[in-house]
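Me: I've got a structure to go through before I set up some calculations. Can you take my questions as they come?

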Amino acid sequence: MEKRGALPPRGPVLHIVVVGFHHKKGCQVEFSYPPLMPGEGHDSHGLPEEWKYLPFLALPDGAHNYQEDTVFFHLPPRCGDRTTVYGVSCYRQIEAKALKVRQADITRETVQKSVCVLSQLPLYGLLQAKLQLITHAYFEEKDFSQISILKELYDHMNSSLGGTSLEGSQVYLGLSPRDLVLHFRHKVLILFKLILLEKKVLFYISPVNRLVGALMTVLSLFPGMIEHGLTDCSQYRPRKSISEDAVLQEITPRLDDSVSAAATNLGVGKGGRKMAGNHSLGGQNTNVPFSQSEKICNGAQSSNGTVQHLKVPSRTSPESSESEWETLDPSILEESNLKEGVCENAASEQAESLPSECRSPETLPITVQPQANSGHAVLVPGLVSGLEEDQYGMPLAIFTKGYLCLPYMALQQHHLLSDVTVRGFVAGATNILFRQQKHLSDAIVEIEDAHVQIHDPELRKILNPTTADLRFADYLVKHVTENRDDVFLDGTGWEGGDEWIRAQFSAYLHALLAAVLQPGRTDEDNEKTLSDFGTPFVVAWKNTHNYRVWNSNKHPALAEVNSSHPFQGQYSVSDVKLRLSHSVQNSERGKKIGNVMVSTSRNVVQTGKAVGQSVGGAFTSAKSAMSSWFSTFTQSTQSLGD
């Protein structure tokens with residue numbers, strides 16, 4: 001085995017990994033560059049504990065049914081860093097007899113492998129486009145020991161993406177809201193609101209590329225979500241860690257929830273101030289290298305030789321999670337320390353087992369106390385959420401504090417659906433076992449049939465679209481369906497195009513945020529404005545974490561936004577048609593009525609044809625008989641005349 005230390009990352013790409021299927025061992029890592037485990041060779045099968053599900057995510061369940069596939073997945077950060085690792089995997093299979101060099105452990109007729117990129121930037125489509133070409137070339141070699149092309153891929157991606165900004169259309173490459181609206185039509189707005197309410201939403205379809213494409217396209221409708229809103233979306237622990245530390249978790253702060261905040265890994269805000277998360281905290285102006293956490297985990301230190309940690313409260317249940325994260329009060333940590341009791345020594349032993357760079361220092365934790373929206377000074381954007389926000393407070397802090405975004409979930413991650421530390425999720429699955437266990441989710445999105453199945457009747461009422469919502473959705477559908485058959489202009493124009501659709505949802509969300517503020521209006525006007533968005537929905541949304549975080553800060557830019565629904569107005573006959581159409585398409589009773597009408601119409605047509613044939617046959621027979629009689633009668637008359 002080749003022995004090499006991990007190379008220091010030079011850009012946004014952390015690793016290039018090859019995952020293969022072994023006939024005895026199952027899915028396993030066969031190559032990684034730089035090595036996933038420090039001090040081991042590139043061909044090591046070892047995995048960090050946080051990434052133990054990597055082989056099952058890169059080589060998806062049921063992949064043998066497809067010649068090739070693409071997977072987007074998220075991995076939890078290593079060593080307490082709070083930045084999601086974004087994975088893109090390209091899967092292919094090839095017949096074993098076509099290989100030029102066949103290893104001894106290849107005993108099956110086909111060889112299945114995935115080449116994946118682990119990145120710090122959420123450039124899903126861009127990474128996919130580059131990776132597909134390299135994967136194709138790697139398989140065309142027909143000799144999987146030829147790894148030079150993979151090392152070249154690592155160097156090329158880091159050199160080409162090193163200065164890439166997360167602003168611009170390349171972030172949305174491959175994500176088409178136009179196709180989403182064409183497929184789901186009016187239901188797109190229901191999906192949008194489901195995620196705003198932070199519900200447990202499961203997307204289901206096979207193969208994986210259709211699954212992750214639809215799920216990430218829905219998220220791209222939220223302003224800034226893909227670019228800056230997913231940095232905390234994969235904070236979970238593997239099953240083994242939970243079972244071993246169950247007792248410690250209940251009474252001690254989770255050690256891996258410490259946020260590594262090395263001075264060189266903090267962004268510089270305006271005026272040189274430093275903020276937690278992606279912002280800065282002191283007056284130091286340093287460059288921001290990629291994968292600082294990777295260096296820390298491998299034993300490296302920051303430029304000044306010190307490492308700071310931002311420690312957050314423990315998360316033992318959704319209830320305690322809600323209160324602790326809303327207040328972020330240091331006294332919570334003090335109380336938990338008093339309750340430790342007998343297990344204090346056990347916790348200290350566990351801390352000693354971690355690398356020294358990953359331990360929390362014995363300094364006081366840095367916390368932020370969210371304040372009410374009124375009566376306080378303007379805060380720095382993102383100070384509360386930890387996200388890089390714009391002037392409107394976007395992206396909303398949806399995928400934080402235990403609300404997960406898992407574009408693809410392996411069967412080995414099934415336990416996360418019922419994990420008490422996971423308060424919700426937007427996840428994708430191809431295995432039918434996920435879909436069958438409906439009690440673990442609030443809604444199941446059947447992508448193939450464009451069906452959104454919401455289990456709770458009360459939640460269905462909350463999400464029932466208002467008249468203004470139906471107008472908004474109908475406006476989108478009409479613009480998207482116009483001239484959709486034009487091959488040359490499809491999706492490229494402004495109105496009805498991908499960017500136009502995102503702009504419409506951005507305007508909708510801004511109007512909703514402005515409406516809940518309602519400065520200088522009467523209660524009657526407020527109620528009327530909010531009713532256009534759905535009063536039950538607004539009430540439910542105000543209880544979510546993302547709303548509370550957003551409302552804890554000031555957003556002066558919203559003063560320029562019209563605080564009313566974009567499609568408010570008087571009720572008309574067209575609204576009745578919209579409501580009827582929506583009811584027939586989406587309610588169970590409406591579907592039954594629609595099916596009955598279709599079957600009745602079909603039977604009437606078939607009966608009409610049968611009756612027509614019978615009547616037509618009788619008429620023809622009668623006509624021929626009449627002609628025969630008439631000709632006979634004519635001949636008889638002529639005979640009599642003669």
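Me: Which residue forms a salt bridge with Glu448?
Reply: Arg210 does, with the closest N and O atoms 3.1 Å apart. A salt bridge here is a side-chain nitrogen of Lys or Arg within 4 Å of a carboxyl oxygen of Asp or Glu.

Me: What should I know about the model and the numbering?
Reply: The model is predicted: local features need pLDDT of at least 70, side-chain atom pairs count only at pLDDT 80 or more, and totals for chains, interfaces and linings use all residues. Residues are numbered from 1 along each chain as its sequence is written, and side-chain values use heavy atoms, with hydrogens and water left out.

Me: How many salt bridges does a search of the whole structure find?
Reply: The search finds 12. Among them is Lys113 with Glu30, whose closest N and O atoms are 2.3 Å apart. That pair links distant parts of the chain. Lys113 is in strand β5 (residues 110-119) and Glu30 in strand β2 (residues 26-33), 83 residues apart.

Me: Is Lys113 buried or exposed?
Reply: Lys113 counts as buried, because its relative accessibility is 7%. Glu30 is at 24%, so Glu30 counts as partly exposed.

Me: Which residue pairs with Lys142 in a salt bridge?
Reply: Glu140, with the closest N and O atoms 3.9 Å apart. Lys142 is partly exposed at 23%. Glu140 is partly exposed too, at 43%.

Me: Which other residue has a positive phi without being a glycine?
Reply: Glu198, at about 60 degrees. Glu198 is in the loop between α5 (187-196) and β6. Glu198 counts as buried, because its relative accessibility is 8%.

Me: Back to α2. What does it reach from first C-alpha to last?
Reply: α2 reaches 24 Å over 17 residues, close to the expected 24 Å at 1.5 Å a residue. The expected span is 1.5 Å times one less than the number of residues.

Me: Which residues of α2 are buried?
Reply: They include Tyr124, Leu126, Leu127, Leu131, Ile134, Tyr138 and Phe139. Gln128 and Thr135 are also among them.

Me: Switching to omega. Which peptide bonds are cis?
Reply: One is from Ser206 to Pro207, with omega near 5 degrees. Another is from Met394 to Pro395, also with omega near 5 degrees. Most peptide bonds are trans.

Me: Where are those prolines?
Reply: Pro207 is in the loop between β6 (201-204) and α6. Pro395 is in the loop between α13 (344-353) and β9.

Me: Which residues form a nonpolar patch on the surface?
Reply: Leu411, Ile432 and Leu433, with about 220 Å² of accessible area together. Patches are made of residues with over 30% relative accessible area and no salt bridge; like charges are joined within 9 Å, nonpolar side chains (Val, Leu, Ile, Met, Phe, Trp, Tyr) within 5 Å. Leu411 is partly exposed at 36%. Leu411 lies in the loop between β9 (403-406) and β10 (424-429).

Me: Now the totals. How many helices and strands are there?
Reply: The protein has 22 helices and 12 strands. Buried residues make up 50% of its 642 residues.

Me: What is the accessible surface of the protein?
Reply: About 30000 Å², of which 53% belongs to carbon and sulfur atoms. Areas come from the Shrake-Rupley method with a 1.4 Å probe; for residues, only the protein chains shown count as cover.

How values were computed
Helix = DSSP H or I, 4+ residues; strand = E, 2+ residues; numbered from the N terminus. Buried < 20%, exposed > 50% of the residue type's maximum accessible area, 1.4 Å probe, protein only.
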